[in-house]
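Q: I have a chain open on my screen and want to talk through it. Can we start with the contacts?

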Amino acid sequence: MGPWRATQRFIELCRREAGPGGLDAVQSVRVDLFGSLSKTGRGHGTDIAVILALRGEDPVTCDTTLIEHTVRSIRERRMLMLGGCRLLAFDPARQIVFHDRSLPEHPNAMTLTAGLSDGREVQRTYYSIGGGFVTEEGTGGGSSSGLVVVHPYPVGSGEQWLGHCGGRDLAMIVRENERVWRSDDEIDQGLLQIWSVMRECMHRGCHSAGVLPGGLNVSRRAAAMADRLLSGATYEGIDAWFNAVRDSGASFRQVLKWVSCFALAVNEENASFGRVVTAPTNGAAGVIPAVMMYYDRFCQSTQRGLIDFMLVAGQVGSLFKQGATISAAMGGCQAEIGVSSAMAAAGLAHVLGASPEQSLMAAEIAMEHHLGMTCDPIGGLVQVPCIERNSMGAVKAITAANIAVDGDAKAARVSLDDVIRTMWATALDMNSKYKETAEGGLAVAIPVGVSEC
Ligand code: SF4
């Protein structure tokens with residue numbers, strides 16, 4: 001997602017720099033990938049994201065069923081429609097360069113260069129900092145828009161968040177801050193739209209069989225699992241199917257299987273270039289939907305609860321982003337699955353009736369049991385261990401929420417802020433082999449060649 005967004009930014013920059021001729025003035029484009037973006041770039045589909053972005057596609061709206069065909073055609077013809085409007089010679093095999101080295105500023109870096117018809121060159125280096133967020137060389141990681149926003153209740157730590165509550169719950173504080181940007185109606189509709197995309201993704205993943213792309217020959221499992229859980233019955237439409245899911249969760253074992261199944265479904269979709277909600281990253285995109293669906297189908301859920309779940313979970317993710325990282329290239333898998341699990345745990349605890357202190361305790365418990373988790377995907381593909389790991393993160397989140405709901409938060413020895421600091425210290429200590437480079441762990445134990453989309 002980061003390389004996609006960075007490339008989109010670069011195209012807009014070229015449009016501005018080129019003057020009246022716009023993108024017609026662009027004669028050539030070259031993309032250099034460094035560090036983790038390069039080392040796991042093929043497996044992560046970084047080149048595919050760059051190609052689609054150069055073509056003017058947006059990850060929110062592009063037709064994911066056409067990705068494979070589009071990319072193959074560009075590779076074969078060595079031409080693409082830059083920004084959707086300028087036919088340009090572009091050979092991905094030569095003009096997207098995977099470098100062995102890293103740039104000193106950040107482990108996830110890319111430099112884009114465009115040659116213009118008047119002989120000038122436009123060049124920018126971007127850093128992908130996790131979750132689709134991108135910073136630009138020379139901006140110090142801050143906003144390049146210059147916009148300064150003052151929130152009524154700044155939340156820079158768990159303690160500060162709790163300090164604002166005073167009788168209000170965690171979601172209310174987040175909503176108050178969000179109102180700086182948009183109305184209540186826009187907040188609710190925006191979050192429900194995200195939920196709707198998650199729901200469609202789980203449904204699609206539970207109805208798609210076959211082998212995942214990339215050469216690892218991993219079979220998709222969610223569809224077969226869902227089919228078994230529903231005893232082979234078929235249902236017309238997404239609502240009828242999810243109603244059947246709710247009715248089929250009669251035992252603990254069935255509910256547990258559904259949670260695993262939802263997480264597998266999302267990450268199988270992610271691994272096959274389907275549309276997922278980045279939460280907080282694409283590799284960890286299955287945890288939050290799976291836990292939300294657990295709440296929606298197997299608890300006393302409400303629409304308000306789903307909205308509040310996302311408000312609380314989102315703020316927890318932001319705390320990790322501020323105090324540590326949500327990038328596996330910076331902190332290993334604790335920064336992806338660990339953070340998503342902590343986000344989901346807090347969201348679930350909140351909607352199950354936990355106090356603010358208990359909800360943050362849930363996030364702390366979930367992260368505590370992901371500390372030190374490394375990132376070592378086989379072949380750099382976001383498949384093994386990533387897909388199953390989302391199921392594990394979801395189950396841990398549910399367990400953490402349930403422990404916290406019945407727990408005494410005042411007696412807890414470790415606070416959310418403590419565990420965020422610890423996660424960051426662990427990230428700094430972690431050997432770079434385990435930070436999304438595919439140079440250690442399972443990636444070395446099970447060597448595999450990656451095939452192109
Ligand atoms: S191992 Fe974890 S952090 Fe690494 S790619 Fe897979 S899900 Fe992401």
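This is a predicted model: local features need pLDDT of at least 70, side-chain atom pairs count only at pLDDT 80 or more; totals for chains, interfaces and linings use all residues.

Q: What share of the residues counts as buried?
A: Of the 453 residues, 48% do.

Q: Which residues of the largest nonpolar core touch the most other members?
A: That core has 99 residues, and the ones with the most contacts to other members are Val291, Ala345, Ala346, Leu348, Ala362 and Ala397. Apart from it there is another core, of 37 residues, including Val31, Ile48, Val71 and Met110.

Q: Take Leu348. What does it touch, leaving out residues up to four places away in sequence?
A: Leu348 touches Val291, Tyr295, Phe309, Ala397, Ile398 and Ala401.

Q: Changing topic: the ligand. Which residues are closest?
A: Gly283, Ala328, Cys333, Cys375 and Cys386 are the closest of the 13 residues that surround the ligand.

Q: Now helix H12. How many residues, and how far does the helix reach?
A: H12 covers residues 252-271, which is 20 residues, and its first and last C-alpha atoms are 29 Å apart. That is close to the 28 Å expected at 1.5 Å a residue.

Q: Why is H12 described as largely enclosed?
A: Because 14 of its 20 residues are buried, H12 is largely enclosed by the rest of the structure.

Q: What follows H12?
A: Phe273, with a positive phi near 65 degrees. Phe273 is in the loop between H12 and H13.

Q: Is Phe273 buried or exposed?
A: Buried, because Phe273 has 20 C-beta neighbours inside 10 Å and the cut-off for buried is 20 or more.

Q: Which loop has Ser231 in it?
A: The loop between helix H10 (222-229) and helix H11 (238-248). Ser231 also has a positive phi, near 55 degrees, in a residue other than glycine. Ser231 counts as exposed because it has 8 C-beta neighbours inside 10 Å.

Q: Then where are the cis ones?
A: One joins Ala279 and Pro280, with omega about -10 degrees. Pro280 is in the loop between H12 and helix H13 (287-298). Another cis bond joins Val384 and Pro385, with omega about 10 degrees. Pro385 sits in the loop between helix H17 (356-368) and helix H18 (386-405).

Q: Last one, Trp424. Which helix is Trp424 in?
A: Helix H19, residues 416-429. Trp424 counts as partly exposed because it has 18 C-beta neighbours inside 10 Å.

Q: What does Trp424 touch beyond residues up to four places away in sequence?
A: Gly323, Ala324 and Thr325. The C-alpha of Trp424 is also 8.9 Å from that of Phe320, and the two residues are 104 apart along the chain.

How values were computed. Residues are numbered from 1 along each chain as its sequence is written. A residue is near a molecule or strand if its C-beta atom, placed from the backbone, lies within 6 Å of it. Helices (H or I, at least four residues) and strands (E, at least two) are DSSP runs, numbered from the N terminus. A residue is buried if 20 or more other C-beta atoms lie within 10 Å of its own, exposed if 12 or fewer, and partly exposed in between; C-beta atoms are placed from the backbone. Two residues are in contact if their C-beta atoms, placed from the backbone, lie within 7 Å. A nonpolar core is a set of buried Ala, Val, Leu, Ile, Met, Phe, Trp, Tyr and Cys residues joined through C-beta atoms within 7 Å. The expected span of a helix is 1.5 Å times one less than its number of residues.
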